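Hi,

Here is the structure for you to look over. My notes follow below.

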Amino acid sequence: MAVLPQAKNIKEMHSPDLSESRTKLSYFLSGWLGGPKLYAQHYGSINIPLAHKHLSVGTKESEAWLLCMQKAIDKQPYEQSFKIYLMAQLRVPADRIRMVSGTNTRHP
Ligand code: HEM
């Protein structure tokens with residue numbers, strides 16, 4: 001996210017020090033992927049769309065976020081079919097965030 005030009009807009013939504021965001025996202029993804037529920041253990045429960053409700057997320061922003069995830073997943077030694085599955089699954093919460101953000105009328 002810090003290096004992709006397409007992700008400049010979403011990078012600016014985060015605090016300049018990305019270490020907490022990085023920890024929170026990896027903790028969340030651990031539980032989301034069926035592993036240890038690290039986010040819940042450290043921070044309690046979370047509703048992903050609600051946690052992003054204060055942000056302006058339209059199609060441009062959610063596609064930029066998904067592109068970052070695609071780049072990260074591409075670096076992993078996973079089977080291609082699992083990479084495709086993972087991206088399809090990540091699109092579900094990304095779309096929910098875009099829908100609750102209220103900016104989807106600007107980016108239909
Ligand atoms: C759709 C595009 C997305 C954008 C633009 C986005 C952006 C952000 C930003 C800016 C924050 C920091 C919020 C703050 O500091 O106030 C954040 C937090 C977070 N995001 Fe996202 N995000 C997106 C999608 C997702 C998805 C799909 C997931 C989960 C699969 C996710 C998981 C998280 C988590 C766990 C946090 C930490 C929340 C907290 O503890 O407060 N994000 N996101």
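A polar side-chain atom of histidine 54 sits 2.9 Å from a ligand oxygen atom. That is a polar contact (a pair of N or O atoms within 3.5 Å). This is a predicted model: local features need pLDDT of at least 70, side-chain atom pairs count only at pLDDT 80 or more, and totals for chains, interfaces and linings use all residues. Residues are numbered from 1 along each chain as its sequence is written, and side-chain values use heavy atoms, with hydrogens and water left out.

For tryptophan 65, a side-chain N or O atom is 3.5 Å from a ligand nitrogen atom. In total, 18 residues surround the ligand (a heavy atom within 4 Å). The closest are His14, Lys24, Tyr39, His52 and His54.

Now the helices (DSSP runs of H or I, at least four residues, numbered from the N terminus). H5 (residues 59–74) packs on H6 (residues 80–101) at about 155 degrees, axes 10 Å apart. Axes are lines fitted to C-alpha atoms over the stretch in contact, and angles run from 0 to 180 degrees between N-to-C directions. So H5 is roughly antiparallel to H6 (over 145 degrees). Contact here means heavy atoms within 4.5 Å. Trp65 of H5 is among the contact residues, as are Leu66 of H5 and Leu90 of H6. The contact divides into 8 nonpolar, 3 polar and 5 charged residues.

Best wishes

Technical notes
Helix = DSSP H or I, 4+ residues; strand = E, 2+ residues; numbered from the N terminus. Parallel < 35°, antiparallel > 145°, perpendicular 65-115°, else oblique. Nonpolar A, V, L, I, M, F, W, Y, C, P; charged D, E, K, R; others polar. Polar contact = N/O pair within 3.5 Å; in protein donor to acceptor, adjacent residues only side chain to side chain.
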